[in-house]
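Dear colleague,

Please find the structure below. My notes on its helix packing follow.

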Amino acid sequence: MGYGTACLKRLGFVKGMITSETLFILGTRKPTTRDIASAIKESGVDAGLAGADHRADDASYQEVTCRSALNRVEGMPFSWTLNPYRGCTHGCHYCFARRYHSQFEMNSGDDFATKILVKTNLVEVLARELDRPAWKRERVAFGTATDPYQPIEGHYKLSRRSLEVLTRARTPVALITKGPMVVRDKDVLADLTKAAGCSIYVSVPSVDEEAWRTLEPGVAHPLQRLRAVRELVDAGIHAGVLMAPIVPGFTSSRSKVEATIKAIADHGARFVGAAVMRLEDGTRAHFLKFIEESFPSMLPGLTRLYGRKEAPKAYRDEVHAMVRVLQDRYGLNRRDDDASKTGAKPAEESATQPRQGALFAR
Ligand code: SF4
């Protein structure tokens, strides 16, 4: 299978003895995410993912098992996150989650978009966690480190099945995605809305076609995403749009922001939020390399603006102020008030808060 000798030894395949840790190599047990991280560390990405499934989209899909489904987080407007996959074939160049791939010794560039880990036992583990008497039904943020509706979800249906379990456990959810496939699950989302409340944040940073082609090479057209918002709202689901991230020099001009907010309003979104791009760790290295190769004339300006992981506060404030003005102009601020009158769940926090925008700036 291509695992190095040292790795096999570490996993327990020593002196002819087969231990539980090695069974996945023989096909009787799937590796855990930790097994895969160790195998990649010791033998490299290709050898470490030698058992991965290759599909028509050229990505490799490595099935793994997870020990826990819900991850506890601090300092966020929610306490728990849930991510069925690692890596994302949407491959957005600005993706905040690229840095998480480096935790697996995979690079935050091509590997992030082509080497995907699939947590096949996620739903069963989640059901056990939600069944515990200590579970307080706190809100779960779904899709913070990878898109839960990237194309492979059509095959595994892990996101759909997780939502079914969360509905049964009456646990509120905030889900973020760029995948119009989310409308497939509007029946479950409608049930969850009634059982506990849910908000769907569809990420549409801009309707500008050139920016879409350049920055989001694997994602559905922005208008397709907005049509998904319309369909969710028509099904009684609290759905809106995050313009996250707004990328300086690509999607930050007033005309592009206004065209996007107008399109968002025209498609019936219940709210809109925005956040300026952050560049951290692996994301920073990948994005600036991409700019250097494809738009070298923009590199000096972007490097100056991003002396730190965030653009200067004055710049971010200016962008957020522009969004607020346009939000008012197109009536988006008033919609959640209307929703509360009709019994729909209001947003748990203002969608324009920079904190939340940063949270979902993937
Ligand atoms: S921004 Fe979202 S959709 Fe794009 S690559 Fe990252 S996780 Fe996937």
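Helix 8 and helix 9 (residues 186-195) pack with their axes 9 Å apart, at an angle of about 25 degrees. Helix 8 is therefore roughly parallel to helix 9, a label given to angles under 35 degrees. Axes here are lines fitted to C-alpha atoms, for helices over the stretch in contact, and angles run from 0 to 180 degrees between N-to-C directions. Helices are DSSP runs (H or I, at least four residues), numbered from the N terminus.

This is a predicted model, in which local features need pLDDT of at least 70, side-chain atom pairs count only at pLDDT 80 or more, and totals for chains, interfaces and linings use all residues. Residues are numbered from 1 along each chain as its sequence is written.

Helix 8 passes helix 9 in a left-handed crossing (the near helix is turned anticlockwise from the far one by less than a right angle; clockwise is right-handed). Helix 8 contributes R160, L163, E164, L166 and T167 to the contact, and helix 9 contributes V188, L189, D191, L192 and A195; contact requires C-beta atoms, placed from the backbone, to lie within 7 Å. These residues comprise six nonpolar, one polar and three charged.

Helix 6 (residues 122-131) also packs against helix 8 (residues 158-168), at an angle of about 15 degrees and with the axes 9 Å apart. Helix 6 and helix 8 are therefore roughly parallel, and their crossing is right-handed. L122, V123, L126, A127 and L130 of helix 6 meet L158, R161, S162 and V165 of helix 8. Seven residues of this contact are nonpolar, one is polar and one is charged.

Yours sincerely

Conventions:
Helices (H or I, at least four residues) and strands (E, at least two) are DSSP runs, numbered from the N terminus. Angles under 35 degrees count as roughly parallel, over 145 as roughly antiparallel, 65 to 115 as roughly perpendicular and the rest as oblique. Two residues are in contact if their C-beta atoms, placed from the backbone, lie within 7 Å. Ala, Val, Leu, Ile, Met, Phe, Trp, Tyr, Cys and Pro count as nonpolar, Asp, Glu, Lys and Arg as charged, and the others, Gly among them, as polar.
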